[in-house]
Amino acid sequence: MSEIVVTRVPHKRSIPFGQEAAGALSIIALGAIGYFLYPDDLAFLTRLIGIAFLVLSLDLVTGYCGVATLGHAAQFGVGAYAAGIACVRGIADPVALLAVGVFAGTIMGLISGALITRFRGLPQLVLSIAVGQLVAALANKLSWLTGGSDGLSGITPGKVFGIFNFDMYSRTAFLFSLGVLVIVFVLLQRFVRSPFGLMCRGIKDDDLRARMIGVSIYPRLVLMYGVAGAVAGVGGALTAISTGVVGLDSVSFERSAEVLVMLVLGGAGHLWGALAGTIIFMIFEHIVAAANPFHWMTLVGLLLILIVIFAPRGLIEPVLALFARLKRKGSAA
Amino acid sequence: MSDLLEARAVSRSFGGLQVTCDVNFKLAAGDRVALIGPNGAGKTTLVNLITGDIAPSEGQFFMGGDEITDISIPDRVRRGLVRTFQTTRLFANLTVADNVALAIMQRKRITRRFFSSATELPEVRAEWSEILSHLGLDRLAYRKVIELAYGQQRLIELAIGLALRPKVLLLDEPAAGVPHDEAPKILEAINRLPADIAVLMIEHDMDLVFKFARRVLVLAAGRLIFEGSPDDVTADHEVRRAYLGSYADARRAT
């Protein structure tokens with residue numbers, strides 16, 4: 001039997017928080033590029049960051065736990081509506097509004113998780129759509145609260161930390177969103193490597209095996225859904241705060257489907273995959289839609305087909321493989 | 001001392017088909033028992049009944065005197081009832097170290113920690129590296145399971161079993177699908193299992209059975225038709241008729 005011998009000795013603990021620092025710095029660098037090179041597009045980039053939270057959130061349940069869902073916008077939308085309604089009803093502090101969004105998203109996540117993770121496979125997928133549609137229908141019907149199909153408007157948050165006003169160029173909104181993204185991303189990096197996160201990946205691989213080492217799966221998946229709900233709630237609240245409106249699109253089926261596409265595009269099961277997928281999809285859509293408003297969906301479709309053919313596990317996989325090869329070369333030299 | 005595991009009049013039928021029929025047996029600490037029988041005799045069904053994967057239609061299971069018939073799979077594992085699978089069921093996309101570490105962390109109740117690096121927790125690391133070197137797998141610790149040869153994967157099944165510190169270990173054909181020259185490695189690993197645990201092994205390979213077992217249970221058409229020492233089993237008329245036939249003759253001839 002041929003057997004590749006790996007001489008990589010169980011490494012000593014590398015630089016503490018090295019990965020987290022790298023993650024934070026990379027996001028800040030990307031943000032700086034956007035801020036300084038594209039000052040006219042900050043409103044778009046802020047929206048991109050908002051969606052990135054939703055894709056990260058979806059990654060937690062789909063990429064890390066293997067839950068199939070086409071209703072994930074519910075968590076995002078509930079966070080957005082909660083923050084928006086709170087703002088209209090008198091809470092002005094952006095950080096407090098963020099907390100409202102997180103809270104609402106968490107509750108929504110726990111409820112969705114309790115329903116959806118009871119099942120597996122196709123029933124699970126159908127149930128996730130049903131939950132999503134239910135939330136969308138409620139957002140439409142409860143128009144006294146949500147503004148219904150007109151959307152919820154008049155969201156005018158106060159200054160961030162009482163200092164920075166939201167300006168018409170979206171500078172404050174962008175920097176505020178970017179700061180929150182850095183914090184959440186770093187926390188998630190720790191989270192997915194934790195014993196809890198590792199166990200979720202195990203459950204995704206083989207849930208019977210997980211039960212056979214003594215794991216009760218259901219409560220774990222519900223808990224993970226709660227965390228994912230919190231992350232999506234952040235995105236929803238940020239979007240409500242920065243755009244000043246919340247529409248039915250934020251809970252729509254299209255939103256759920258689109259973020260799933262972004263996740264698959266970037267690479268499910270990697271936080272960087274979620275982020276890369278969001279950035280590439282949204283920028284591509286932004287540019288192509290501006291250049292050719294009538295056929296942009298066709299081009300997006302073509303792009304997706306190409307990526308699925310050439311990088312079926314997402315764009316992040318070849319990049320990671322390259323890193324791994326470089327690392328091996330580095331340790332061999 | 002009460003028995004570690006007891007099956008009392010266990011039956012199970014699927015529709016009209018009786019797959020397990022009035023099975024009784026006991027396992028005590030230190031037992032090394034082989035469960036043999038022809039294909040379709042219901043051996044894996046019996047293991048699934050014991051672990052709680054399927055519920056018996058009638059009868060009960062006891063561990064250390066407590067009835068466990070109605071408790072969940074994870075709760076049985078927590079009581080020390082551990083199995084391996086006939087076809088490997090591992091966390092294929094995780095590393096070998098992670099596979100074993102998960103079992104250890106689950107046993108130690110630390111998988112609810114949210115913010116520490118899992119595999120490198122010192123107390124966990126020390127244990128998985130010991131288990132892996134015990135099984136000669138230490139060089140493969142950071143390889144993904146999916147990249148490994150089948151024989152190595154079988155050893156990881158055992159590693160996970162060991163990491164759970166079982167009182168009763170059920171091995172479902174631990175050498176199935178392993179290349180013949182690697183089977184001794186599996187047997188060696190089994191022989192080095194902690195002496196005080198009870199081991200029940202399903203196995204087709206009679207050589208392995210005779211090297212391992214001090215007691216043999218023979219299952220045919222869902223019934224236990226024989227219980228006794230390995231030497232008696234080849235002599236038993238009914239067993240030969242039901243199952244062993246050719247093998248017993250071959251053994252006598254050589």
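Biologist: How many salt bridges does the structure hold over all chains?

Modeller: This is a predicted model, in which local features need pLDDT of at least 70 and side-chain atom pairs count only at pLDDT 80 or more, whereas totals for chains, interfaces and linings use all residues. Residues are numbered from 1 along each chain as its sequence is written, chains are lettered from A and ligands numbered from 1 in the order in which they are written, and side-chain values use heavy atoms, with hydrogens and water left out. If a salt bridge is taken as a side-chain nitrogen of Lys or Arg within 4 Å of a carboxyl oxygen of Asp or Glu, the number over all chains is 17.

Biologist: B:Arg79 and B:Asp66 form a salt bridge; how many residues apart are they?

Modeller: The closest N and O atoms of B:Arg79 and B:Asp66 are 3.5 Å apart. The pair links distant parts of the chain, with B:Arg79 in the loop between α2 and β6 (81-83) of chain B and B:Asp66 in strand β5 (residues 66-67) of chain B; helices (H or I, at least four residues) and strands (E, at least two) are DSSP runs, numbered from the N terminus.

Biologist: Is B:Arg143, whose side chain meets that of B:Glu147 in a salt bridge, buried or exposed?

Modeller: The bridge between B:Arg143 and B:Glu147 is 3.0 Å from N to O. By relative accessible area, buried means under 20%, exposed over 50% and partly exposed in between (1.4 Å probe, protein chains only). B:Glu147, at 47%, is therefore partly exposed, whereas B:Arg143, at 11%, counts as buried.

Biologist: What area do chain B and chain A bury between them?

Modeller: The contact, meaning heavy atoms within 4.5 Å, takes 40 residues from chain B and 35 residues from chain A. Buried area is the accessible area (1.4 Å probe) that two parts lose on being put together, summed over both. Of the area that chain B and chain A bury, 60% is on carbon and sulfur atoms, and the total is about 3700 Å².

Biologist: Which helix gives the most to the side of chain B that touches chain A?

Modeller: The count between chain B and chain A is two salt bridges, and one of the pairs in a salt bridge is A:Arg209 with B:Glu157, at 3.0 Å from N to O. On the side of chain B that touches chain A, α2 (73-78), α3 (96-107) and α5 (150-163) of chain B each supply at least two residues. With five residues, the helix that gives the most is α3(B).

Biologist: Which residues of chain B does A:Asp206 touch?

Modeller: A:Asp206 lies in the loop between α8 (195-205) and α9 (207-212) of chain A, and A:Asp206 counts as buried because its relative accessibility is 9%. A polar atom of the side chain of A:Asp206 lies 3.2 Å from the backbone nitrogen of A:Arg209. Not counting residues up to four places away in sequence, A:Asp206 touches B:Arg89, B:Leu90 and B:Phe91.

Biologist: How many of the 27 residues of α10(A) are buried?

Modeller: Helix α10 (residues 217-243) of chain A reaches 39 Å from its first C-alpha to its last, close to the 39 Å expected at 1.5 Å a residue, where the expected span is 1.5 Å times one less than the number of residues. Just after α10(A), A:Gly244 takes a positive phi of about 80°. The helix is largely enclosed by the rest of the structure, because the buried residues of α10(A) number 21.

Biologist: Which backbone oxygen does the side chain of A:Ser128 reach?

Modeller: A:Ser128 lies in helix α5 of chain A, as does A:Gly132 in that helix (residues 121-141). A:Ser128 counts as buried at 1% relative accessibility, and A:Gly132 counts as buried at 5%. Leaving aside neighbours within four places in sequence, A:Ser128 is in contact with residues including A:Gly71, which A:Gly132 also touches, together with A:Ala74 and A:Val251. At 2.6 Å, the backbone oxygen that the side chain of A:Ser128 reaches is that of A:Leu125.

Biologist: What distance separates the C-alpha atoms of A:Ser57 and A:Val319?

Modeller: A:Ser57 lies in helix α2 (residues 42-63) of chain A and counts as buried, because its relative accessibility is 0%. A:Ser57 and A:Val319 are 262 residues apart along the chain, and their C-alpha atoms are separated by 22 Å.

How values were computed
A polar contact is a pair of N or O atoms within 3.5 Å; within protein, one must be able to donate a hydrogen and the other to accept it, and residues adjacent in sequence count only if both atoms are side-chain atoms.
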